[in-house]
Amino acid sequence: MKYLVMVQGSKADYDAMSGQANEHSPAWSEKDLQAMYAFMTDLNNDLAESGEMVDGQGLTSPAQQRSVFRGADGKVVVTDGPYSETKELLAGFWILDCESVERVTAIAERITECPQPEGAPFYPVIIRPIDSGAGGDV
C-alpha cells in the first residue's frame, strides 16, 4: 500500500530556519540545520535501501508559493505567497510503499525524532493512504 506522509510547518518556521527568531520559534543555527539535514538524509537512505521510498521532498518557503483559484465572479485569481491567515502548511512529504499501516506509523514515529532547537514547535506527522483507484474512499 502506498502512503503520503506529510510534515507541516508555518511561515514563522521557515523564517526561524533562516535565522530569524520570532514568537513562534527560536532562530535555527547552521549546526541545527545540518543536524536536521543529516537526519533526513539518513532516513531517506534507509527508506531507499528498504525499497519503501517512492519519493520524498522538502518544500521551499511559502514566500515562493503561488495560489490559483476562481473568485466569486468565476474569474481566475492568481496570488503569490501564502495567505496571511494561513497558520500551518505542507513543509515536506514522502510517498512510501509499505506493507502495513503499522510500518508506515513506525516510520512516522522516527520522523518525529528529527532534531530541532529547543523551543521550536512540534507538529504531527500526517499519514494518508493513497487511493489506488480500486474503489477506495474518495
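Q: Before any counts, what does buried mean here?
A: Buried means under 20% relative accessible area. The model is a predicted one.

Q: With that cut-off, what share of the protein is buried?
A: Of the 138 residues in the protein, 29% are buried.

Q: Give me one residue to look at. Where is Ser25?
A: Ser25 sits in the loop between α1 and α2.

Q: And is Ser25 buried or exposed?
A: Ser25 is buried, because its relative accessibility is 3% and the cut-off for buried is under 20%.

Q: What is Ser25 in contact with, leaving aside its neighbours within four places in sequence?
A: Asp13, Ala16, Gly119, Ala120 and Pro121.

Q: Back up a bit. How many helices and strands are there in the protein?
A: There are 3 helices and 6 strands. Starting at the N terminus, their order is β-α-α-β-β-β-β-α-β.

Q: What does the C-alpha trace span?
A: About 45 × 45 × 20 Å along the principal axes.

Q: What about contacts with a separation of 6 or more: what part comes from residues 24 or more positions apart?
A: Such pairs account for 70% of those contacts.

Q: On to the sheet. Which strands form the open sheet, and in what order?
A: It has 4 strands, ordered β2-β5-β1-β6, with antiparallel pairing. The edge strands, each pairing on one side only, are β2 and β6, the latter covering 125-129. From one strand to the next the twist averages 20°.

Q: What do strands of a sheet pair through?
A: Backbone hydrogen bonds, in either a parallel or an antiparallel arrangement.

Q: How many bridges join β1 to β5?
A: 8 bridges, with the two strands running antiparallel. Among the pairs, Tyr3 stands opposite Leu96 in β5, and Lys2 has Asp97 of β5 as its bridge partner.

Q: And how many join β1 to β6?
A: 5 bridges, again antiparallel. One of the residues to look at is Leu4, whose bridge partner in β6 is Arg128.

Q: Which strands does α2 lie across?
A: α2 lies across β2 and β5, and its angle to β5 is about 25°.

Q: How many residues line the largest pocket in total, and which lie nearest its centre?
A: The lining has 34 residues, and Val7, Met17, Met36, Met40 and Ala91 lie nearest the centre.

Q: How does the lining divide into nonpolar, polar and charged?
A: The lining residues of the largest pocket are 21 nonpolar, 12 polar and 1 charged.

Technical notes. Residues are numbered from 1 along each chain as its sequence is written. This is a predicted model: local features need pLDDT of at least 70, side-chain atom pairs count only at pLDDT 80 or more; totals for chains, interfaces and linings use all residues. Side-chain values use heavy atoms; hydrogens and water are left out. On a 1 Å grid over the protein atoms alone, a cavity is a set of points where a 1.4 Å probe fits but cannot get out, and a pocket is an open set with protein on both sides within 12 Å along at least five of seven lines; lining residues have an atom within 4 Å of a point. Ala, Val, Leu, Ile, Met, Phe, Trp, Tyr, Cys and Pro count as nonpolar, Asp, Glu, Lys and Arg as charged, and the others, Gly among them, as polar. Two strands pair if DSSP finds at least two bridges between them. Axes are lines fitted to C-alpha atoms, for helices over the stretch in contact, and angles run from 0 to 180 degrees between N-to-C directions. Contact means heavy atoms within 4.5 Å. Buried means under 20% relative accessible area, exposed over 50%, partly exposed in between (1.4 Å probe, protein chains only).
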